[in-house]
Amino acid sequence: MKKFFFAAFWMAGMMMTPVAAEVLESYGAAQAIATADTIGRQQEKTVVSPDGMTFLKVGLKDGRPYYKAGYYTREKKEVLMVDESPLGLRADIGDFTQGLTWVEDHGGTHDISYDLGRSKTSRVDRKANDFSVRLSNAEKAEIDMEFVVEDHNIAFRYHLPKPKEAGCVRVMAESTGFRFPEKTTTFLAPQSDAMIGWKRTKPSYEEEYKADAPMDTPSQYGHGYTFPGLSHVGDDGWVLVSETGVDSRYCASRLSYAHDRLYTVAFPMPEDNNGNGTSEPAFALPGATPWRTLTLAPTLGPIVETTIPWAVVEPRFATEHKYKTGRGTWSWILWQDGSIHYDDQVRYVDWAASMGYEYTLVDNWWNRNIGHERMADLIRYARSKGVELFLWYSSSGYWNDIDQGPINIMDNPITRKREMKWLQQQGVKGIKVDFFGGDKQETMRLYEAILSDADDYGLMVILHGCTIPRGWERMYPNYVGSEAVLASENLIFNQHFCDNEAFNATLHPFIRNAVGSMEFGGTFLNKRLNRGNDGGTTRVTTDVFELATAVAFQNSVQNFALAPNNLTDQPDFVLDFMKGVPTTLDETRFIDGYPGRYVVLARRHGQDCYVAALNAEKETLQLTVDLPLAAGSRVTYYHDGKDGKTPVQEEAQVDKKGRFKFVLPPNGGSVLKGK
């Protein structure tokens with residue numbers, strides 16, 4: 001198989017059609033900005049993407065700012081995907097939601113080029129058109145609204161200049177909204193109550209999605225929904241909404257439930273973080289809010305492939321360290337707390353070494369059951385086997401009831417730096433920090449402080465029990481992934497989650513994993529999810545389904561749920577596949593699928609190319625896909641066998657027209673691998 005056998009999918013998204021060129025020319029190729037006729041008290045301008053197909057309209061109507069967004073068809077028909085939606089914010093220095101006047105605007109173009117070695121693609125080179133408008137309120141206070149329009153992607157934020165009399169601002173609320181056409185259905189996860197769940201550790205972005213729900217479906221807890229949110233605008237296409245660029249200078253946000261088809265940006269609940277910190281963010285002037293992002297298209301490809309979370313952010317600091325991503329073993333996921341002692345961790349280090357994995361994660365209670373002194377011995381042993389360690393920490397102890405240790409270290413700069421120095425001295429390569437308290441700016445400061453201090457000591461950071469990443473792969477050089485999803489541990493705790501594993505797995509590439517790394521911790525090969533493979537919950541997916549998730553789920557350090565018993569209860573080819581599976585990617589492309597039903601993804605790492613297919617339907621799915629540049633190529637085909645459950649590896653061939661047929665049983669999967 002040719003090295004770039006997915007290239008046809010790549011080029012299809014990059015080439016400008018004659019229709020696109022005509023549309024772009026009609027708006028002006030330089031800045032792609034047009035002014036609408038002024039009607040009454042309305043003023044509106046249009047910004048078009050570099051390929052001429054995506055449009056953004058920004059306007060002011062009766063003193064209230066708004067925007068609309070959509071795309072043009074081949075027949076130059078305008079398809080509105082986000083209906084007229086409000087912009088603006090209220091701050092202690094002024095109200096920028098109403099009574100505004102248009103002061104000035106300007107636009108331009110720029111190239112977006114950067115390396116992205118810890119996500120779905122290793123290199124991004126795109127073009128974007130920019131637009132900025134300055135508005136003034138009745139008191140002559142000003143606000144800039146900044147927009148970036150790529151092909152299929154839009155990002156916008158608010159920038160507040162520094163007035164003479166103020167040096168800081170507190171933002172009380174935003175009017176920012178997303179209004180969808182009436183025919184829209186949604187794929188959303190509810191925002192949970194604060195301080196509920198196990199040890200009062202919620203919210204943690206681990207709630208269940210509802211698929212294709214009407215917009216008037218009530219949110220489970222009455223607090224709206226977490227980012228990201230996917231909307232299906234009937235036959236017109238799809239919109240993915242999220243935010244990026246959140247750091248210590250703002251809070252993370254969520255979506256309200258819909259009123260008149262409108263979702264608005266909502267700040268964290270006062271009860272988050274055990275009541276510590278304000279819900280409203282504050283920052284120094286001049287300063288800006290995070291970016292809100294839209295990915296919209298008639299098909300799902302641009303949703304899965306979007307890079308807008310990283311396009312509009314910049315690194316927060318440089319590093320002197322070289323961080324190595326990779327695979328890891330993890331005893332806790334199957335063997336639980338009882339495995340966190342020296343002998344079992346030696347077994348998992350040996351297991352990692354036998355798989356050629358780079359890491360072993362030692363989870364909670366290591367400080368009590370192993371201790372710092374004996375841990376130094378374990379670290380030395382692991383390194384003698386070519387395996388490095390990640391160690392688990394609680395994020396703190398005062399905003400939940402966690403007593404799993406180590407606690408009360410990572411929230412305090414004095415104890416945190418002392419501990420990180422010890423970790424560096426011992427040769428530990430990373431930490432997993434768990435059980436954060438919500439989305440307030442107070443918590444965003446803690447995330448950034450942990451990442452910054454950890455980099456000083458050459459430590460990578462996995463975040464767990466946490467918020468979604470918001471451009472962090474590019475912003476923080478030692479960030480390697482976040483949970484923020486209904487992840488693998490839930491399969492251990494409740495059969496309900498096993499029964500719904502395939503449904504959830506076929507959602508994540510379109511929603512959660514589309515906007516950032518996802519530390520899922522999965523790929524179980526045990527059928528019974530306990531230490532002995534003889535009790536606990538029962539996995540209903542096939543073994544090849546689990547192999548396919550190792551490709552379909554992306555995180556730059558992925559700790560798989562494999563166990564030492566898999567050495568004897570799995571075929572060699574299954575283990576060989578898991579020995580070679582990558583965690584970082586050079587290219588990702590969507591081939592086919594529908595959220596919650598099935599998905600087929602193409603991934604490339606170096607010369608190794610994978611196509612992973614997952615089926616959540618109740619019936620066997622026979623699916624023929626197009627791989628045009630693989631026409632006539634030989635591939636290795638992993639599938640579920642004639643009985644729909646026994647893993648099979650065989651050589652197969654893509655036909656001369658570039659077509660390949662997958663046969664996917666319910667809860668089943670397939671993988672193609674080639675070069």
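Reader: What should I know before I look at residue numbers and side chains?

Author: The model is predicted, so local features need pLDDT of at least 70 and side-chain atom pairs count only at pLDDT 80 or more, while totals for chains, interfaces and linings use all residues. Residues are numbered from 1 along each chain as its sequence is written, and side-chain values use heavy atoms, with hydrogens and water left out.

Reader: How many residues of strand β38 are buried?

Author: Helices (H or I, at least four residues) and strands (E, at least two) are DSSP runs, numbered from the N terminus. Buried means under 20% relative accessible area, exposed over 50%, and partly exposed in between (1.4 Å probe, protein chains only). Strand β38 covers residues 669-674, and five of its six residues are buried.

Reader: Which strands pair with β38?

Author: Two strands pair if DSSP finds at least two bridges between them. Strand β33 (residues 608-615) runs antiparallel to β38 and is joined to it by six bridges. Strand β35 (residues 634-639) is also antiparallel to β38, with three bridges. Val-671 in β38 is the bridge partner of Ala-612, and Tyr-638 stands opposite Val-671 as well.

Reader: Where do the side chains of a regular strand point?

Author: In a regular strand they alternate between the two faces of the sheet.

Reader: How many salt bridges are there in the whole structure?

Author: A salt bridge is a side-chain nitrogen of Lys or Arg within 4 Å of a carboxyl oxygen of Asp or Glu. The whole structure has 40 of them. One of these joins Glu-448 and Arg-316, at 3.0 Å from N to O. Glu-448 belongs to helix α10 (residues 441-456) and Arg-316 to the loop between α4 (308-311) and β24 (326-330), so this pair ties together parts 132 residues apart in sequence.

Reader: Is Glu-448 buried or exposed?

Author: Glu-448 counts as buried because its relative accessibility is 11%. Arg-316, at 30%, counts as partly exposed.

Reader: Which residue meets Asp-344 in a salt bridge?

Author: The partner of Asp-344 is Arg-531, at 2.8 Å from N to O. Asp-344 is in helix α6 (residues 342-355) and Arg-531 in the loop between α14 (501-505) and α15 (543-552), 187 residues apart. Asp-344 is buried at 4% relative accessibility, and Arg-531 is partly exposed at 35%.

Reader: What does Lys-675 form a salt bridge with?

Author: Lys-675 pairs with Asp-608, and their closest N and O atoms are 2.4 Å apart. Lys-675 lies in the segment after β38 and Asp-608 in strand β33, so the pair ties together parts 67 residues apart in sequence. Lys-675 is partly exposed at 48% relative accessibility, whereas Asp-608 is buried at 17%.

Reader: How many disulfides are there?

Author: A disulfide is a pair of cysteine sulfur atoms within 2.5 Å. The count is zero. For Cys-466, the nearest cysteine sulfur is that of Cys-251, 17 Å away. Cys-466 is buried, at 3% relative accessibility.

Reader: Which residues have the most contacts inside the largest nonpolar core?

Author: A nonpolar core is a set of buried Ala, Val, Leu, Ile, Met, Phe, Trp, Tyr and Cys residues joined through side-chain atoms within 4.5 Å. The largest one has 201 residues, and those with the most contacts inside it are Met-375, Leu-391, Met-578, Phe-660 and Phe-662. Contact means heavy atoms within 4.5 Å. Not counting residues up to four places away in sequence, Phe-662 touches residues including Val-611, Ala-613, Ser-670 and Leu-672.
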